[in-house]
Amino acid sequence: MNQLFRRKIYNAKEHSSGLLRVLGVWDIVFFGIAAIIGAGSFSSLGEAVFRGGPGVIVLYIICGFACGFTALCYAEFASRIPTAGSAYTYAYASFGELIAWVIGWALIMEYSFGNIYVAFSWSDYFTSFMGRIGIHIPDFLTCSYPEAKKAFFGDSENKELLSAWTNAPIIGNLKIILDVPALVINGLITWLVYVGVRESKNFNNIFVILKLFIILLVIAVGVAYINSDNWFPVSSVTGVSSFMPNGFNGVMTAVSGVFFAYIGFDALSVLSEETKDPQKNLPRGMLIALVLCTVIYIILTLVLTGMVDYRKFDGVGDPLAFIFEASNANLPVMEFVVSLGAIIAITTVLLVFQMGQPRIWYAMSRDGLMPKKFMTLHPKHKTPSFATIITGIVVGIPILFTDKSFILDFTSIGTIFAFVLVCGGVLMLPVKEKRKGRFHLPYINSKFIFPVVFLGGLAFFYWWQPAFFHNLMDWHDPKESEFRISIFFFLIINLVLCVLAFAKNLSLIPLMGLSSCLYLLTGMTHNNWFWFLAWFGLGLIIYFSYGFNHSKLNNDLNGDLN
């Protein structure tokens, strides 16, 4: 049993990888902005606004705080362990090998499915942009087969998907329907990552600057068209003007979609072996990127909900272009510019995600948990070439037979779970010696603060929503039962954390990160958990059939015994 939880002690000098250190702090900031500001602001923001109304701004603040605590925990780990692997590496140091494998496997899921979703989103905007300049791509070449089939047999009103199914050419009994733009962009990004991080860095920095310019332009132009009455629409339920017309529960229904926009900063820590002075630059870059992105999301939300009534965003996949359509602000030039900007934004998100996964495989292979082929470096470009190619294949093939809705629902849970383990890992780390010029997580004793904050917050919500607590144990309601069960266990876990905080004088920052990420998990459905556990089951089979016996740490320990 002890072998399953053997821990690895990391030392930068002992684990020199051969990867080129070319990234500075502002390169990390640019990569963070590239990953975080993209799919969330240019596509899923519309659905979040529709569900939560103007009050969805609160959700971005909540997620921003949760990710802020987690970012500090990532930064603390990164300042101790300057090697590639993200949460996988951090779990290996604090929890041991089995949990490290579980987290690494979850991150592979995150980047794979995240890449697929982003590729689909890029395809949607690219197709729309080409249509605006007069170039029409056949509908059956711009969507996946399952999407078209589901739309046709599910009585969808989506004209493009219905057209794809009815007009697709047939070979034998099979309709030829595939998302060509998504496949092409996946291939191009894979090649860019393959040829080296220096080329990727230069490409990324240029396009992030352009993207930020377009976003600032949207904000500057949109401010002139804001109608403050839209921020306090009349609720269809209560008939009263409210910043949260669907209530706080309505705001929280958008948790998974909003959180997806924050996944990107997790990818930054895998770049530590390609960062100059990673113990100092990586934490700073991560935190700066997170703060900037949260502020941008808040401002964008205020502009969108101020310009257009939130109810009009139902089913809108291109919200930043939608606000400038003829039925709204009627600015066709801005609509064109934003469509182009979306292509740039989503391209940069795909770049960061595509860089993350092969480096996780690289780290796991270096530890012996995966075949050595995954740690093969290209002799010229010094990139994990084989792992990069496999990443492109793993992302490209599912594009042919998956759809966006499943991908989006499935992606966030692995990331939040990894965040929970990282925050918990910091609580288990021993105190380190402070060194000038290095990041150190501030210690704040949670003995009294955490119980007061949690119990005080619980009392406030009981006063605000007493009916919810009165019905908390009613687990037979078909609509509310899953959420009530999740909240029940969330409360029990946090009461235990309150006791531990009082008894063990735990550090407040990682404890708040752990609690807030556990709360985000309460928004996951049983389907999310089923597929997540199924993925874990597959991962455990691979670990016990290969990784456990080939582990470098295991071989080193056996060698010492002999």
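**View A. Right-handed crossing of helices α8 and α15 in a predicted model.** The crossing of α8 and α15 is right-handed, a crossing being right-handed if the near helix is turned clockwise from the far one by less than a right angle, and left-handed if anticlockwise. Helices (H or I, at least four residues) are DSSP runs numbered from the N terminus. The axes of α8 (residues 180-195) and α15 (residues 332-366) come within 10 Å and cross at roughly 60°; axes are lines fitted to C-alpha atoms over the stretch in contact, with angles from 0 to 180 degrees between N-to-C directions. The two helices are therefore oblique to each other (under 35 degrees is roughly parallel, over 145 roughly antiparallel, 65 to 115 roughly perpendicular, the rest oblique). From α8, I185, N186, I189, T190, L192 and V193 meet T347, L350, L351, Q354, M355 and R359 of α15.

This is a predicted model, in which local features need pLDDT of at least 70 and side-chain atom pairs count only at pLDDT 80 or more, while totals for chains, interfaces and linings use all residues. Residues are numbered from 1 along each chain as its sequence is written, and side-chain values use heavy atoms, leaving out hydrogens and water.

View B. Rings of Phe, Tyr and Trp (its six-membered ring) pair if their centres lie within 6.5 Å; planes under 30 degrees apart are stacked, over 60 edge-to-face and the rest tilted. The count comes to 35 aromatic pairs. F532 and F536 form a tilted pair, because their ring centres are 4.2 Å apart and their planes at 50°. These two residues are four apart in helix α22 (residues 526-550), so about one helical turn separates them. Both F532 and F536 are buried (under 20% relative accessible area; exposed is over 50%, partly exposed in between; 1.4 Å probe, protein chains only). Y543 and F548 pair edge-to-face, with 6.1 Å centre to centre and 75° between the planes. Y543 is buried, at 0% relative accessibility. One aromatic cluster is formed by W101, W105, F113, W535, Y543, F544 and F548.

**View C. Lysines over aromatic rings.** A charge sits over a ring if NZ of Lys or CZ of Arg is within 6 Å of the ring centre and within 35 degrees of the ring normal. K175 lies over the face of W165, 5.2 Å from the ring centre. K447 lies over the face of F448, at 5.9 Å from the ring centre.

View D. E147 is in helix α6 (residues 145-153). Its relative accessible area is 10%, so E147 is buried. Neighbours within four places in sequence aside, E147 is in contact (heavy atoms within 4.5 Å) with L161, D403 and K404.
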